[in-house]
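Here is a short note for a colleague meeting this model for the first time. Please read the points with the structure open.

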Amino acid sequence: MDTLEAIRTRRSVRAFSDRPVEPEKLQMVLEAARQAPSWANMQCSRFVVVQDAEVKAKISELSFVEAFFAPLGYRTNPAQKALAEAPVVIVACGVPGESGDLRGQQYYMTDVGIATENLMLAAHAVGLGSVFVGVFGEEQLGDLLDIPPEIRIVGLFPLGYPREETQAKSGPARKPLDEIVFQGKWKS
Ligand SMILES: Cc1cc2nc3c(=O)[nH]c(=O)nc-3n(C[C@H](O)[C@H](O)[C@H](O)COP(=O)(O)O)c2cc1C
């Protein structure tokens, strides 16, 4: 699969088969994340790879943050089950001190975001699926995985083989280009 096809056909995967992820494929996905560009090449991203069923179940519970979801009418994080059922969960973290902080913008979020898009595209290219899970109880998750408080947890990525029958062929629509691209000046 070439890069453009991977970008075009990747979809968030929230239902996984119990087929294990081969260690070589996991390695490939992590290697893709490692190759990402970063602020001054400081490489602030870190990844905790979780394969223990009990720990995955706890991570799954922590992805339901009532204060966030209840006002939206959600009774679960749409990816909650996926975190327990995927054979692997990758917890992507950033070391803020190893990235830029300019004009109030903290670039560790950008660095980890780029690395994890690489991770998701590589997963898709080798037949795996994933989804960026950005809602979770950070403090409790940090305690569970011994992540020091100065390290920020940016996203959770269940990883595994998609359960075919549940996989949408086309994902949520995107805004048309003429709504998001301006020629020469803003909104012109
Ligand atoms: C920063 C970020 C946070 C996200 N958090 C969640 C989440 O907590 N739960 C979930 O089910 N999906 C989450 N998503 C996935 C988005 O809902 C999904 O990418 C979007 O609807 C587009 O669908 P697609 O990935 O299939 O193209 C998140 C995506 C991003 C980029």
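1. Terms come before figures. Helices (H or I, at least four residues) and strands (E, at least two) are DSSP runs, numbered from the N terminus. The model is predicted: local features need pLDDT of at least 70, side-chain atom pairs count only at pLDDT 80 or more, and totals for chains, interfaces and linings use all residues. Residues are numbered from 1 along each chain as its sequence is written.

2. An unreviewed UniProt entry annotates residues 7–161 as "domain: Nitroreductase". Such annotations may be inferred rather than shown by experiment; positions follow the numbering used here, and feature names are shortened. The span is 39% helix and 18% strand. Its end C-alpha atoms lie 18 Å apart.

3. Look at the sheet. Four strands form it, in the order β1-β2-β6-β5. The sheet is open and the pairing antiparallel. Strands pair if DSSP finds at least two bridges between them. β1 and β5 (129–130) are the edge strands, each pairing on one side only.

4. β2 and β6 are joined by seven bridges, in the antiparallel sense. Val91 has Leu156 of β6 as its bridge partner.

5. Now helix α2. Which of its residues are buried? Leu26, Val29, Ala32 and Ala33 are. They lie on the same side of α2, because they cover an arc of only 120 degrees around the axis. (Buried: 20 or more other C-beta atoms within 10 Å of the residue's own; exposed: 12 or fewer; partly exposed: in between; C-beta atoms are placed from the backbone. The arc is that of the directions from the helix axis to the C-beta atoms.)

6. The face turned away from the buried side of α2 carries exposed Pro23, Glu24, Gln27 and Glu31.
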